[in-house]
Amino acid sequence: MSFVGARRAGWWESAQLATVAPPPSATAQRDEASAARLGDAATKTASAAASADCDPMQWKRAFAAATSERARRTMVDPDARTALTAAFLFTSGSAVLNDSLYKEAHGEGAAAMTTALRLGADEPLVQWIAASGGCAGIGEDCDPDRAVARLQQLDPDNAAVWLASLARAIERGDDLPTQEALLRRAARADHYRIHFRELGSVMYAALDELPPLAVSACAQKAYAAASDVPATRENLIGVAAMNTAMANGFPSISPIAELCEQPPPSRRESCIGLLAHMASGSEMIDQVIGLHFGVPLVANTSEGVAWRERLRRLSWLRHHFPGENGQPTPPDWPLRVFAQGEMPAAEAWLVERGQRVDPPPGWLPDNPMQRALIQTGRRPPRATPPPAPDPR
């Protein structure tokens with residue numbers, strides 16, 4: 001998977017990719033798909049692909065073994081953050097292992113996550129992982145409701161914390177007044193900060209300590225053909241860190257769809273407040289959600305034009321995003337993202353390449369919904385399904 005592929009496989013498009021205890025059925029399907037894809041690539045890229053020396057899975061098995069060994073060293077005398085890191089190290093490459101080694105890796109990962117939770121009452125990153133479901137399946141120590149309550153104490157002025165709290169309230173079936181109170185609290189917060197970049201940086205630093213992997217040149221070629229990035233240690237580390245961060249670093253967006261798509265007047269300002277926080281975030285999906293849901297709510301206000309122009313600029317940056325529409329991806333892209341955030345990193349990359357970051361006057365995206373939002377502040381009407389054929 002490429003860096004861009006890792007981003008696409010994020011929280012808004014798929015189930016979590018790097019939780020400690022994924023469902024066995026999903027894991028089996030992922031294993032089969034991965035093996036089939038990589039096996040096909042090996043056949044196409046090397047005449048001797050059937051030999052063990054050219055097996056592209058060799059690369060991932062070496063990576064899994066190295067990450068597990070690194071995690072075991074980390075667990076000698078861990079604190080909450082190092083135990084959390086170990087939990088994800090145990091499982092980050094485990095999908096390619098055989099059944100017994102897979103179970104062993106996930107057992108050790110669950111034990112490390114339990115240690116992180118027991119030591120991490122005062123560690124916001126640990127509580128964030130618990131609140132977002134990244135510890136699901138390990139037992140009573142993983143309590144998302146307890147985690148969001150603790151986050152409210154540790155980081156009370158962070159709108160993302162209250163968004164996560166609201167997601168939990170909706171999942172529990174709390175009544176509407178309770179949900180709306182949490183929405184108002186999110187809107188009153190003074191900043192919006194998720195833990196995607198922090199988790200990615202922690203994982204990259206841990207993975208960067210891995211020793212060189214003993215992988216044949218033939219296996220590297222086969223792996224590179226199945227991914228769409230060069231088969232280097234740095235790229236494998238970058239994709240693994242990005243996957244873990246994407247799967248566990250973001251809150252759920254279900255509250256936005258539930259409460260803010262067409263809010264009543266009494267809820268409108270709270271929705272705009274939360275969406276404004278998200279629209280100012282550093283990650284692409286935060287800005288996409290904030291602006292796509294926010295633009296219609298401010299369409300008839302003095303702020304409407306400014307919001308629509310922000311959406312036009314975002315659409316331009318998405319069109320020229322690294323890895324999209326023929327744009328190259330910098331080799332150190334994960335490190336750039338973890339240091340700056342996706343959108344600041346993309347802007348800096350465009351500047352380095354001498355490309356513009358602001359759209360030219362009159363430019364509009366091809367996407368009909370984006371065009372309508374930019375031009376009118378409203379989504380286009382949904383297409384009416386064609387009438388059923390006359391049975392006569």
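Modeller: A helix here is a DSSP run of H or I with at least four residues, a strand is a run of E with at least two, and both are numbered from the N terminus. By that rule the chain has 19 helices and zero strands. The model is predicted, so local features need pLDDT of at least 70 and side-chain atom pairs need pLDDT 80 or more, while totals for chains, interfaces and linings use all residues. Residues are numbered from 1 along each chain as its sequence is written, and side-chain values use heavy atoms, without hydrogens and water.

Biologist: Where does asparagine 325 lie?

Modeller: Asparagine 325 is in the loop between α16 (304-319) and α17 (333-340). Its phi is positive, about 50°, although the residue is not a glycine.

Biologist: Why is asparagine 325 called exposed?

Modeller: Buried means under 20% relative accessible area, exposed means over 50%, and partly exposed is in between, with a 1.4 Å probe and protein chains only. Asparagine 325 has 55%, so the residue counts as exposed.

Biologist: What makes threonine 232 partly exposed?

Modeller: Its relative accessibility is 28%, so threonine 232 falls in the partly exposed class. Threonine 232 sits in the loop between α11 (217-226) and α12 (233-248). From C-alpha to C-alpha, threonine 232 is 9.7 Å from leucine 213, and the two are 19 residues apart in sequence. For the chain of 392 residues, 52% count as buried.

Biologist: How do you know that cysteine 135 and cysteine 142 form a disulfide?

Modeller: The rule asks for two cysteine sulfur atoms within 2.5 Å. For cysteine 135 and cysteine 142 the S to S value is 1.9 Å, and both residues are buried. The count by this rule is two disulfides.

Biologist: Why is the disulfide of cysteine 135 and cysteine 142 called right-handed?

Modeller: The torsion about its S-S bond is about 75°, so this disulfide is right-handed.

Biologist: What does the disulfide of cysteine 260 and cysteine 271 tie together?

Modeller: These two cysteines are joined with S to S 2.1 Å. Cysteine 260 lies in the loop between α13 (254-259) and α14 (265-279), and cysteine 271 lies in helix α14, so the link ties together parts that are 11 residues apart in sequence. With -85° about the S-S bond, this link is left-handed. Cysteine 260 has a relative accessible area of 0% and is buried; cysteine 271 is buried as well, at 0%.

Biologist: How do you know that arginine 81 and glutamate 198 form a salt bridge?

Modeller: A salt bridge needs a side-chain nitrogen of Lys or Arg within 4 Å of a carboxyl oxygen of Asp or Glu. The closest N and O atoms of arginine 81 and glutamate 198 are 2.7 Å apart. Arginine 81 lies in helix α4 (residues 80-92) and glutamate 198 in helix α10 (residues 196-207), so the pair ties together parts that are 117 residues apart in sequence. Arginine 81 is partly exposed at 29%, and glutamate 198 is partly exposed at 23%.

Biologist: How many salt bridges does the whole structure have?

Modeller: The search finds 22 salt bridges. One of them joins glutamate 108 and arginine 72, with the closest N and O atoms 2.9 Å apart. Glutamate 108 is in helix α5 (residues 99-119) and arginine 72 in helix α3 (residues 57-74), so parts 36 residues apart in sequence are tied together.

Biologist: What makes the salt bridge of arginine 336 and glutamate 352 a link between helices?

Modeller: The two side chains meet at 2.9 Å, N to O. Arginine 336 is in helix α17 and glutamate 352 in helix α18, so the pair ties together parts that are 16 residues apart in sequence. Arginine 336 counts as buried at 14%, whereas glutamate 352 counts as exposed at 52%.

Biologist: How do you know that the buried residues of α18 line one face?

Modeller: In α18 (residues 342-352) the buried residues are Glu342, Met343, Ala345, Ala346, Trp349 and Leu350. Seen down the axis, they fall within an arc of 160°, so they line one face of the helix. That arc is taken from the directions from the helix axis to the C-beta atoms. The face turned away from the buried side carries the exposed residues Val351 and Glu352. After α18 comes glycine 354, with a positive phi near 75°.
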